[in-house]
Amino acid sequence: MANRRQNTEKSMQAMFFVIATASISILFLIMLFLFKEGLPIFKTVSVTDFIFGKYWYPTSDPADFGIFPLIVASIVVTGVSGVISIPLGVMTAVYLSEIAAPKVGEIVKPIVELLAALPSVVIGFFGMVLVAPFLQRVFGIPTGLNLFNASLMLAFMSIPTICSISEDAIHSVPVALREASVALGATQLQTIFRVVVPASISGISTAVILGLSRAVGETMVVLMVAGGAAMLPQSIFDPVRPMPASIAAEMAEAPVGGEHYYALFATGIVLFLFTLLFNIVADFVAHRYRQVGEASL
């Protein structure tokens with residue numbers, strides 16, 4: 001019996017090792033292909049001109065491959081969506097974990113998590129057909145397909161991720177911390193914002209960064225509702241074109257092996273580095289603010 005158990009454990013360890021190795025290998029090969037197809041553009045365009053160039057006209061003669069407006073659009077759209085989604089997601093998580101009745105939480109949380117399953121094309125269609133005319137009519141702007149519309153839709157997509165992970169982190173705070181706070185005379189709100197939230201800040205920070213990393217890499221929504229203008233925005237109601245939208249819109253038109261083709265892959269490299277930076281920050285925050293002892297999460 002003991003030998004059989006040991007053989008089973010070794011088989012399971014070998015299987016998990018093979019699966020983990022395959023996953024890492026596939027990711028490495030994708031990254032290798034991305035760099036292989038993107039780096040040749042720098043033989044004709046300098047890195048400085050590519051990153052900080054203000055004009056993106058890949059079909060003109062001579063072509064301009066400046067992705068600075070695309071980078072700014074991605075950063076601003078993600079930032080505005082974060083301003084909307086972070087308070088709503090975290091406060092919803094606090095309500096579900098600390099204030100709402102258990103039956104309410106059992107009903108609301110699955111509904112919030114179900115929102116994450118909505119296809120991005122459906123959210124983009126909603127923003128294009130309903131939200132865009134509403135913004136155009138209310139604010140008197142030329143078009144409702146703009147930076148603010150894209151930020152609203154990305155916030156709608158990020159809230160379920162932020163809320164779900166934050167709620168799990170808050171729920172994992174030991175009951176002893178809450179009881180100690182109440183025993184010292186703190187009110188419920190004081191306990192929530194001075195004890196529970198600080199004890200779960202590691203998980204909340206990770207939830208926020210993961211939600212924003214999804215927003216910065218989203219393609220279909222920004223392609224449909226951001227307006228598609230590769231220019232520097234002057235206000236939140238200007239049309240923009242983030243990096244994922246530019247790649248998705250132009251890849252089918254770029255001849256394989258041409259400068260335009262390589263430039264789009266180089267844009268993908270920049271987007272990959274952005275996502276990598278988000279994950280590094282999430283890992284740093286998770287370890288830097290991790291609670292120890294009774295408050296371990």
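How many helices and strands are there in the protein? In this predicted model, there are twelve helices and two strands.

Figure 1. The elements run α-α-β-β-α-α-α-α-α-α-α-α-α-α. Along the principal axes, the C-alpha atoms fill a box of roughly 75 × 65 × 30 Å. Of the 297 residues, 41% count as buried. The protein exposes about 16,300 Å², and 69% of that is supplied by carbon and sulfur atoms.

**Figure 2. Helix α3 packing with helix α6.** Here we look at α3 (residues 68-99) and α6 (residues 147-171), whose axes lie 6 Å apart at an angle of about 35 degrees. The crossing of α3 past α6 is right-handed. Residues of this contact divide into 19 nonpolar, nine polar and two charged.

**Figure 3. K109 and its salt-bridge partners.** A salt bridge joins the side chains of K109 and E167 at 2.7 Å, N to O. Because K109 lies in helix α4 and E167 in helix α6, the pair ties together parts that are 58 residues apart in sequence. Both K109 and E167 are buried. Through shared partners, salt bridges join K109, E113, E167 and D168 into one network. Within it, E113 meets K109 at 3.9 Å, N to O; these two residues are four apart in helix α4 (residues 102-115), so about one helical turn separates them. E113 is partly exposed, with a relative accessible area of 35%.

**Figure 4. The salt bridge of E37 with K36.** This is one of six salt bridges in the structure, and its closest N and O atoms are 3.2 Å apart. E37 is buried at 9% relative accessible area, whereas K36 is exposed at 58%.

Key:
Residues numbered from 1 in each chain as written. Predicted model: local features only at pLDDT ≥ 70, side-chain atom pairs only at ≥ 80, totals over all residues. Heavy atoms only, no water. Axes fitted to C-alpha atoms, helices over the stretch in contact; angles between N-to-C directions. Left-handed = near helix turned anticlockwise from the far one by under 90°. Nonpolar A, V, L, I, M, F, W, Y, C, P; charged D, E, K, R; others polar. Buried < 20%, exposed > 50% of the residue type's maximum accessible area, 1.4 Å probe, protein only. Areas by Shrake-Rupley, 256 points an atom, 1.4 Å probe, with all protein chains shown as cover. Salt bridge = Lys/Arg side-chain N within 4 Å of Asp/Glu carboxyl O.
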